[in-house]
Amino acid sequence: MTRAAALLFAVFVWGQAAWGQPPQEYTTQVVATGMRYADGPVWSLEDFLLFSDTVTDKQHKFTPGKGVSEIGSRPGGTAGNAYDDKGNLYTCEFRERRVTRTAKNGKVEVIAARFEGKRLNAPNDVVVRRDGNVYFTDPAFGNQEDTRELDFYGVFRVKTGGQIEAIAKWKTRPTGLTLSPNGRTLYVTDSDEQSIRAFDLDRAGAASNERVVVSKIPGVPAGLRTDEMGNIYVAAKDVLVYSPQGQLVRTIRLGETPSNLAFGDPDFSTLYVTARTSVYRIRMGVKGAVPYSP
């Protein structure tokens, strides 16, 4: 899609106490369309948005002022993506049931494929803390259920030394995850229980104190992000924004059901939302969080 062909329309954003404002109208731009199932948006240090089309196994990028282009195909599948502060790309390859790291020179390294000798289910989303700790979710959907070897759905950590540990073993399915601005809290969506759970992370990256911070989310919660104030953004029936205390403070309604989201643009104040066939761009007036190492 060229920038001239991008579709603009108004979207109502319903605000509550945290913003102290009545409902506002924002301009939303459709920057990409024609996808089979868009997911895994992440902003690159090179100032473009990378996202996945999970059905076609392709990765695309949107560059403001230039439009959308395909940048690669991964036969192993491509779902969630994340960058570290060196520009390495981490991708959940759900068909190959692994998480990979792609260096800027194109070299691909598998960082997680098995746990205790058994293949992972179908890694879905990934986030990297500034100190190099990697966290990812491992649910299974559809025919992935028929071939899974693990008897649980996991939230995993890849330590800075490369060791893999399960920080949660659920009977329900985790999907999206994100970090708080200070990197000391990990948030994870539970798509079956329609909730967001949180874990405390220590200085080394170990998790403890699992708890539910948001429950009874409308729709099926998936992707997560936080802003610089610690508010939690979740892709569910709509894009829902919760305070760090779990209070719903804003609802963003789009024309499609969102799957995932990411902050981007050079000032990091634009929310990009993948929503099935399209990618939406909304100027928010608040910066996304860049989690620092504690």
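I took a salt bridge to be a side-chain nitrogen of Lys or Arg within 4 Å of a carboxyl oxygen of Asp or Glu. On that criterion I found 21 salt bridges in the structure.

**Basis of the entries.** I worked from a predicted model, in which local features need pLDDT of at least 70 and side-chain atom pairs count only at pLDDT 80 or more, while totals for chains, interfaces and linings use all residues. Residues are numbered from 1 along each chain as its sequence is written, and side-chain values use heavy atoms, with hydrogens and water left out.

**Entry 1, the chain overall.** I looked up the secondary structure and noted one helix and 27 strands in the protein chain; these are DSSP runs numbered from the N terminus (helices H or I, at least four residues; strands E, at least two). Of the 294 residues in the protein chain, 56% are buried. Buried means under 20% relative accessible area, exposed over 50%, and partly exposed in between (1.4 Å probe, protein chains only). The accessible surface of the protein chain is about 12300 Å², with 48% of this belonging to carbon and sulfur atoms; the areas come from the Shrake-Rupley method with a 1.4 Å probe, and for residues only the protein chains shown count as cover.

I traced an open sheet of four antiparallel strands in the order β17-β18-β19-β20, where two strands pair if DSSP finds at least two bridges between them. β17 (174-179) and β20 (207-214) each have a single partner strand, so one side of each edge strand is left without a neighbour in the sheet. From one strand to the next, the twist averages 25 degrees (axes are lines fitted to C-alpha atoms, and angles run from 0 to 180 degrees between N-to-C directions). I then examined β19 (residues 195-201), which is joined to the antiparallel β20 by five bridges. D200 stands opposite S208 in β20.

I recorded a salt bridge between R197 and D190, with the closest N and O atoms 2.9 Å apart; both residues are buried.

For D267 and R283, the closest N and O atoms of the salt bridge are 2.7 Å apart. D267 lies in the loop between β25 (260-264) and β26 (270-275) and R283 in strand β27 (residues 278-283), so this pair ties together parts 16 residues apart in sequence. D267 is partly exposed at 30% relative accessible area, and R283 is partly exposed at 38%.

The side chains of K159 and E165 also meet in a salt bridge (4.0 Å, N to O). K159 is partly exposed at 29%, as is E165 at 23%.

Lastly, I noted a network of salt bridges linking E145, R148, R173 and D192.
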